[in-house]
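Thanks, everyone, for making the time. I would like to walk through the sheets of this model and then turn to a few backbone details.

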Amino acid sequence: MTRKLTFHGIVQGIGFRPAAQRTAKDLGIKGQVKNTGGNVSLIISGSKQALDEYVRRLIALFDIKEYETENIDEIPFSDFEIVHSGNDNRTPFLTPDLATCDDCEKELRDKNDRRYRHPFISCVNCGPRYTIIKSLPYDRENITMSPFAMCDRCKTEYRSVYDRRCHAQTIACNDCGPKTNMPVESAAELLKQGKILAIKDIGGYHLACRTDSVISVNKIREIKGRETKPFAVMFSSLDEIKAYCKVNGKEEALLLSPARPIVLLEKIKDFDSSVCGDSDYIGAFLPCNPIQILLLDQVSPLVMTSANVSGEPIITDDEEIKKFGVAVLSHNREILTPIDDSVVCVTAGRTQFIRRARGYVPLTIEIDHKAVRDTLCLGGDLKAAFAFHRDNDVFFSQHFGDLDDKAVYDCYKSNINRFAKLHGFQTEKIVSDAHPGYYSSNMFENTDRKIQHHKAHTASVIAEHHLKGKVLGFAFDGTGYGDDGAVWGSEVFLFEEKKISRVEHLKYATMLSSDEVSKNAKLALDCYLGGNELVDKAIENHIGVVLSSSMGRLFDAVCALLEIKQYNSYEGECACALESMAKKAERAYSLTPSLDPIEILNEIKTAKSKAPAETLALGFHLMICDLIVRIAQKYKKQYGVRQIALSGGVFNNRIITARSIEKLEEKGFTVYMNESVPCGDGGIALGQAYLSSMEE
């Protein structure tokens, strides 16, 4: 009998066609397979038993979203072939960039292998994907490997059914692949000498130097305009990471995963303060591509940070990188979209994204609400990431940065077009944040729906966990435009089917409306407690002020009040310093749970003479946790709510998140948080998709 099959899902760029051919050979099946747009189509001929087994094996091997099958008239095939690709109108599910696999890494180090020390070694199981795709189907002529003609030996492997590189579109070797501008050994020597090296990687350039080259580390800070924010560190092996950091099983799995993210790990040994500053964590990661592997084999660990001026996109252009005036290890394979390293951590046994990018984009997130029209969800201006919603799938972009930077804005907007073209999206509906002044909210003339920031935060948790029934959502962060025009940031929502009620929040305080108040923690404290003549007059006369329920500003004010840190040189610095101080405490000062920030600050101010800063810092954290639990119990009693959703940047705080989950679960609640997207603003496009489709 003969069947026609169409498989939908992540079926391109991961060796589906070679696997289909090998499996057919094993089962004695004849026929053909080809890429069609972003999907795979097959015609197979054999016994019913063999065809059923064939489908079962393929489904077991790959991430199949769905497949279609139909019996057709008998076709006499002489063999099973991979045929030239065609096109269809189905939504493609693209593959993210994949770290070098174990087999390729072994060959890279094998002196007897013909790809020994080949800087672009890859196979069907690994290598760049999303960053090199020009168009679909995913074939050699449609990716940035097209300029590199295969040598005869690579052609033979490409056509060999049982070879790991059968139809591997990135196949190359030292004879026929891309070339570096200098030997990797020479680049490694520069690093050994303590120099800075710009390295062209999968999604853009990195700036690298030895962790003990303090002058070079500080020079990178000067180049990037990055004062104190910790740098990520790349290690050569898991064992080397474990010499510096605590690593649990889940963190180890993340470090070794094909995404190779940066994982925030608790320090047990530190570098010079120029590397990670006062942070309790090291952003540790392992090499994800052959060039990095070869470098780290010779010199490790390395500071490895995106090559950009802080706030701008990672550089991909071979000419632009020269502006930094450092040595450059480049190559002649084009990068089509900039993409940073992903950043994750593990809190209360759950994975949290700080930044969702390389290795995860453009993987989709399935939600319960179906989009009637192709919907572009623009997210917000901070930590900008957009998404397209089609059917039940939300296709997420990479992190871009803050849209008030023109280069970020331009990159973000151009990538909307690239993303739409690759996936075949039509942009029939546009959804944005409700903030009237956001660049994203004003990017297009006709925005169909504007969704309140914190409602989107909570909805993002509901969406990814497919929650039904009543949900009490806590959305705590620094800022978001409220329905009443105030600055929100400590919001508690009751979700009941299609009804959303704002039920609790911190009591409004009058704050200066300038951006400086989000940076200057002492200024935030002055807004709450007074004592600054200029601030007091502005508040008294209602000049340049706004009402605010921001939880983020309360954290800043407490940090300043305890004289831990007065200013955020990067977002969240004071909150991180306050958390770090709290971890040093052996006990907590008991503070009264309150929704009045001025009451909270005055109680801490009074207690300063009775307790050290670390004791009060921990007391503040635990008071916020107690407040969350009390509110949850109130709405459990009134409405029978047992599902809790936690979202917003405050829940990057490990003490708040872990302790809140622990206490809530003790009280019989089931607690959910963002695990597929960041809990900060980088995840709100998911909530926008959920809420906009819920109304249709």
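Predicted model: local features only at pLDDT ≥ 70, side-chain atom pairs only at ≥ 80, totals over all residues.

Let me begin with β19 and strand β20 (residues 487–496), which pair in the antiparallel sense over 8 bridges, where pairing requires that DSSP finds at least two bridges between the two strands, and where helices (H or I, at least four residues) and strands (E, at least two) are DSSP runs, numbered from the N terminus. Residues are numbered from 1 along each chain as its sequence is written, and side-chain values use heavy atoms, with hydrogens and water left out.

Within that pair, Phe 476 stands opposite Ser 490 in β20, and the hairpin of β19 and β20 has 5 residues between the strands, with Gly 485 taking a positive phi near 85°. β19 is also joined to strand β24 (residues 643–647) by 5 bridges, and these two run parallel; here Gly 473 has Ala 645 of β24 as its bridge partner. Why do we describe β19 as largely enclosed by the rest of the structure? Because 8 of the 11 residues of this strand (residues 471–481) are buried, buried meaning under 20% relative accessible area, exposed over 50%, and partly exposed in between (1.4 Å probe, protein chains only).

Next, please look at the open sheet of 9 strands, which has mixed pairing and the order β12-β6-β7-β11-β8-β10-β9-β13-β14. Its edge strands are β12 (327–329) and β14 (350–355), each of which pairs on one side only, and the twist averages 35° from one strand to the next. Helix α20 (residues 654–666) packs on this sheet, touching β9, β10 (281–285), β13 and β14, with its direction making about 40° with that of β13; contact means heavy atoms within 4.5 Å, and axes are lines fitted to C-alpha atoms, for helices over the stretch in contact, with angles running from 0 to 180 degrees between N-to-C directions. Strands β9 (residues 262–266) and β13 (residues 343–347) run parallel and are joined by 2 bridges, and Ile 262 has Val 343 in β13 as its bridge partner.

A further open sheet is formed by 4 strands in the order β16-β15-β17-β18, again with mixed pairing. Its edges are β16 (387–396) and β18 (449–451), each with a single partner strand, so one side of each is left without a neighbour in the sheet. The twist here averages 60° from one strand to the next. Helix α12 (residues 453–464) packs on the sheet and touches β15, β17 (429–433) and β18, its direction making about 130° with that of β15, whereas helix α21 (residues 684–694) lies across β15, β16, β17 and β18 and runs at about 75° to β15.

Finally, some backbone details, for which the background is that most residues other than glycine have a negative phi, and most peptide bonds are trans. Glu 497, in the loop between β20 and β21 (499–504), has a positive phi near 55°, and it counts as exposed at 72% relative accessibility. Glu 563 has a positive phi of about 60°, and lies in the loop between α16 (551–561) and α17 (573–583). Which peptide bonds are cis? Among them are the one joining Leu 136 and Pro 137, with omega about 5°, and the one from Ser 300 to Pro 301, with omega near 0°.
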